[in-house]
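Good morning, colleagues. I would ask you to look at the structure on the screen while I describe selected parts of it.

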Amino acid sequence: MELPHTEPFKIKMVENIYNSTREQREKWLRDSSYNLFNLRSEQVFIDLLTDSGTGAMSDKQWSSMMLGDESYAGATSYYKLKEAIKEITGFNYFLPTHQGRAAENVLFSVLVKEGDLVPGNSHFDTTKGHIEFRKAKAVDCTIDIAADTTVWHPFKGNADIDKLEHVLQTNPREKISCIIITITNNTSGGQPVSMANLRAVGSLSKKYGVKFIIDSARFAENAYFIKTREEGYADRDIREIIREMFSYADGMTMSSKKDAIVNMGGFIGFRDEDLFRQASTYNIMFEGFITYGGMSGRDMNAMAQGLYEGTDFSYLKSRISQVAHLGTRMKEYGIPVLEPFGGHAIFIDAKKFLPEIPKEEFPAQTLTLEFYLEGGVRGVEIGALMADRDPLTRKNRYPRLEMVRLALPRRVYTDNHMDYTAAVIKNVFDRRDKIKRGVKIIREAPIMRHFTIELERIV
Ligand code: F0G
């Protein structure tokens, strides 16, 4: 028989986790104002809140930390990271930042001004936050099919090239800050963007003289999907695919907490020296000198090593297969999950799970509470709470997809943990008819409210 693919690592160190009782969880939920971001991590059994900064570093990463050079300027760790970035992405210039949103802050300080438009596929919430904070507008040009959670399309993260071109055609060039394509497309369900789509966006950006930036948090997972789904790429090496993906762009922002498998860190990559120089000033103001930018030398070393490990095919295959394992279990139980399964997470369609709860009562948030109560599983709402209010009308925005995301930390949980998680969701699914009401907002921040929002259950 064909031997199964296994994880290309074994476990050297473990961290104990403890389950709690339903009564305890009920109290903790009340104390946290029905916002799972307010829980203490030890109150959570299986933590699928995010795959960001939650991965397990390897022995090589930990040992590289001992060689970290903490010099203020010109540290060896900086050059080590620079080399890794150059080799993997092809970008000659880079600025380290403390995480992804910091990269956005620095780069957008150069590119985005009041009244601008920033078209692309779906922008992640911090990206949109940084755009709207500058009184500019993020224009979501994702293909329409992405809103259908059941139809199978290999690259549901794609931008609709006609929609994108329409934005470029109907607005003056100086009003477009840049095009941003997020790979994988987190907001539309961890869905990949095809090479053909990146190539087409690259051509548009050249045709209209607009810069093309890739929000690259999960670029390696995106490359895995290109290799396994796009014609002509099956025999290409993952790193070759990655270099081609980035070859169409002028720059990248990176949250290294995802595919570089570190707990903290980020960077901006540039093709063009001029843009790099302009951004350097903001990096020094907001992050730190250009050879450390918010990172310790040891963390840059771990990131350099993590970039190689995170772009290894065998690792990517085991990671994405684990996500699919969870998705397949849930599908077998009849749970409405978004398909195809995402690269980093399984997304549950809350409108289908709880059809009787109106959107004004935030069905996805309601589900996250139920999953936690049932078995200590923490997911995150990707729906109307996360979508914030419209900056002008201050009305709630209700996105087409109202979902709960279960994001898998890298190299952290076993498939048994995934089976447990699927069973928790099944139990909630079996009693879904009894969940009659959702939640209402008691207090919220004006922007990126879901992190700190306070809620009450409607009874
Ligand atoms: N871009 C994407 C596509 C992201 O998913 C994130 C973070 C960021 C940018 C910002 O990076 O967190 O390092 O500042 N996503 C996390 C998540 C928080 O849970 O999906 P950061």
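Throughout this talk, contact means heavy atoms within 4.5 Å. What you see is a predicted model, in which local features need pLDDT of at least 70, side-chain atom pairs count only at pLDDT 80 or more, and totals for chains, interfaces and linings use all residues. Residues are numbered from 1 along each chain as its sequence is written, and side-chain values use heavy atoms, with hydrogens and water left out.

Let me begin with Arg389. This residue lies in the loop between helix 15 (384-387) and strand 12 (403-407); helices (H or I, at least four residues) and strands (E, at least two) are DSSP runs, numbered from the N terminus. Leaving aside neighbours within four places in sequence, Arg389 is in contact with Arg394, Lys395, Asn396, Arg397, Ile441, Glu444 and Arg449. Its side chain forms a polar contact of 2.8 Å with the side chain of Glu444. The term denotes a pair of N or O atoms within 3.5 Å; within protein, one must be able to donate a hydrogen and the other to accept it, and residues adjacent in sequence count only if both atoms are side-chain atoms. A polar atom of the Arg389 side chain also lies 3.1 Å from the backbone oxygen of Arg394.

Arg394, found in the loop between helix 15 and strand 12, is partly exposed at 37%. Phi of Arg394 is near 60°, a positive value in a residue other than glycine.

I turn now to the interior. A nonpolar core is a set of buried Ala, Val, Leu, Ile, Met, Phe, Trp, Tyr and Cys residues joined through side-chain atoms within 4.5 Å. The largest has 59 residues, and those with the most contacts inside it are Ile181, Leu198, Phe219 and Met245. Helix 8 (residues 219-229) gives the most to this core, with six residues. Apart from it lies another core, of 30 residues, including Leu354 and Met418.

The bond from Ile183 to Thr184 is cis, with omega near -20°, and Thr184 sits in the loop between strand 5 (179-182) and helix 7. Glu339 and Pro340 are likewise joined by a cis peptide bond, with omega about -5°.

Definitions and conventions. Buried means under 20% relative accessible area, exposed over 50%, partly exposed in between (1.4 Å probe, protein chains only).
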